Amino acid sequence: MNHINIGLFCLALTLVSYYASKALYKKQHKTWFAPIIIAPALILIVVVTLKIDVADYFSYSHWLAAMLAPATIAFAVPIYRERLLIKQYPLTLSLGVITGLFLGLASSWLLVKWTHLPPELSHSLMVRSVSTPFAVEATTAFGGVPELTAMLVLLTGIIGMLICEPLFKIAKINSSIAKGVALGASAHGAGAAKATEIGRQEGVIASLTMIFTGIVMVIAAPLFATLIN
Amino acid sequence: MTFFGRLAPSIIKRSALAAIQVCGFCLFAWACQSVATKVSSPIPGSVIGLAILLLLLCLKLVPEKSVNLGASWLIAELLLFFIPPVVGAIKYQPLLANYGVELIAAMLAASTLVLIGTAYTVDKLFKFEHQQNLKRQQKKVNAQVIHLPSTDSTSNLATKEQKAA
């Protein structure tokens with residue numbers, strides 16, 4: 001196969017795996033079948049077993065990644081739609097975002113201190129709790145690598161999605177706003193998806209928190225980076 | 001008219017509208033990113049674009065329904081857009097294989113801290129702000145009662161006030 005065909009095959013593989021995993025999740029509504037786990041796993045397995053070159057994979061699929069920028073802009077619409085909720089709880093939401101962001105950074109920093117990870121990994125870890133489009137923009141300020149960051153962000157999302165319900169039970173968290181903010185701040189898109197399953201309001205709050213933590217992270221990343229180093 | 005006869009045009013119309021709006025978002029994103037790189041802005045073009053769109057929506061210069069379908073589609077398919085960067089991490093396969101277990105264990109602990117810490121703080125904050133909101137509403141109702149003592153909806157409270165006085 002020549003390079004163009006491999007590139008087209010990879011684009012098709014990505015689209016088919018994504019939409020198939022979405023369809024599967026509609027039928028099999030279990031957390032382990034979430035598209036965020038199945039789709040990347042499937043694609044990674046195929047790419048690794050067929051020994052496809054990363055450059056070939058990207059020749060067409062980079063157009064998908066380019067859609068992250070318009071998707072970031074689209075976040076303006078849910079913020080506008082939920083302006084009444086924001087006006088009602090400005091303190092809870094803003095301090096929630098700050099707490100989540102601070103804990104996310106602090107926990108990553110402790111993680112780096114206590115484990116002995118190579119610098120590419122440890123620097124990429126700092127922004128792991130914000131949504132991918134924001135994380136790949138912010139990670140360079142910390143000296144992280146965008147691709148590794150995307151992988152760590154994905155893992156953080158999956159972890160948050162899997163551990164949230166038992167944790168909320170143990171910590172006796174009942175209010176929907178607390179669940180929403182915690183999920184949005186710690187597990188971004190995956191957390192927001194999980195929160196939508198818990199309840200509509202949780203989902204809305206988690207999405208808002210995810211967007212705000214992302215924006216603050218991108219704007220403040222250079223400052224945080226100088227503070228940490 | 002058959003079921004499909006009625007359904008199909010609306011679906012096609014919605015999809016076409018969504019597609020046009022998505023194209024609009026792409027063009028706008030491209031413009032924002034070009035300007036941001038040209039002036040070497042420290043804030044990425046996409047975040048500037050977000051702020052501009054939010055401002056336009058708030059000023060009612062852009063009606064919500066003219067961006068609604070496109071925005072919903074872009075946000076719903078977000079996972080599809082970040083799969084390629086994740087695949088890019090294959091370049092670092094040996095690194096991830098060497099440190100994978102340690103990394104996941106550490107991330108599990110860190111995420112637990114973030115989830116519990118944030119949820120607990122917000123729970124306390126919410127209870128406080130909810131009380132404040134209730135108090136503010138109560139004050140508003142009381143103020144209305146004093147000005148309009150005889151309206152039906154507030155008559156109950158008004159009599160209470162008079163009794164207290």
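# Briefing on a predicted two-chain model

Chain A has a mean pLDDT of 89, with 99% of its residues scoring at least 70, where pLDDT is the predictor's confidence in each residue on a scale from 0 to 100. This is a predicted model, in which local features need a pLDDT of at least 70 and side-chain atom pairs count only at pLDDT 80 or more, while totals for chains, interfaces and linings use all residues. Residues are numbered from 1 along each chain as its sequence is written, chains are lettered from A and ligands numbered from 1 in the order in which they are written, and side-chain values use heavy atoms, with hydrogens and water left out. For the complex, the predictor gives an ipTM of 0.86 and a pTM of 0.83.

**Confidence by element**

- Helices and strands are DSSP runs numbered from the N terminus, with helices (H or I) of at least four residues and strands (E) of at least two.
- In chain A, the lowest confidence falls in helix 3 (residues 54-66), at a mean of 87, and the highest in helix 5 (residues 76-81), at 93.

**Make-up of chain B**

- Chain B comprises six helices and zero strands, so that its elements, read from the N terminus on, run α-α-α-α-α-α.
- Of the 165 residues of chain B, 35% count as buried; here buried means under 20% relative accessible area, exposed means over 50%, and partly exposed lies in between, with a 1.4 Å probe and protein chains only.
- Among the contacts in chain B with a separation of 6 or more, 43% are accounted for by residues 24 or more positions apart.

**Helix 1 of chain A against helix 2 of chain A**

- Helix 1 (residues 3-27) and helix 2 (residues 35-49) of chain A pack at an angle of about 150 degrees with their axes 9 Å apart, the axes being lines fitted to C-alpha atoms, for helices over the stretch in contact, and the angles running from 0 to 180 degrees between N-to-C directions.
- These two helices of chain A are therefore roughly antiparallel to each other, on a scale where angles under 35 degrees count as roughly parallel, over 145 as roughly antiparallel, 65 to 115 as roughly perpendicular and the rest as oblique.
- Helix 1 of chain A passes helix 2 of chain A in a right-handed crossing; a crossing is right-handed if the near helix is turned clockwise from the far one by less than a right angle, and left-handed if anticlockwise.
- Residues making the contact include A:Phe9, A:Leu13 and A:Tyr25 of helix 1 of chain A, and A:Ile38, A:Leu42 and A:Val46 of helix 2 of chain A.
- By class, this contact has 11 nonpolar, three polar and one charged residues, with Ala, Val, Leu, Ile, Met, Phe, Trp, Tyr, Cys and Pro taken as nonpolar, Asp, Glu, Lys and Arg as charged, and the others, Gly among them, as polar.

**Between the chains**

- The axes of helix 1 of chain A and helix 4 (residues 78-88) of chain B come within 10 Å and cross at roughly 135 degrees, which makes helix 1 of chain A oblique to helix 4 of chain B.
- The crossing of helix 1 of chain A and helix 4 of chain B is right-handed, and in it A:Thr14, A:Leu15, A:Tyr18 and A:Tyr19 meet B:Leu79, B:Leu80 and B:Ile83.
- The residues of this contact between the chains divide into six nonpolar, one polar and no charged.
- B:Leu125, in helix 5 (residues 93-147) of chain B, is buried, with a relative accessible area of 14%, and, leaving aside neighbours within four places in sequence, is in contact with A:Leu91, A:Thr92, A:Leu95 and A:Gly96.

**Individual residues**

- Most residues other than glycine have a negative phi.
- A:His188, in helix 11 (residues 176-198) of chain A, has a positive phi near 35 degrees and counts as buried at 1% relative accessibility.
- B:Lys60, in the loop between helix 2 (45-58) and helix 3 (68-76) of chain B, has a positive phi near 60 degrees and is exposed, with a relative accessible area of 58%.
- A:Ser122, in helix 8 (residues 119-125) of chain A, counts as buried at 6% relative accessibility and touches A:Val112 and A:Leu117, not counting residues up to four places away in sequence.

Technical notes: Contact means heavy atoms within 4.5 Å.
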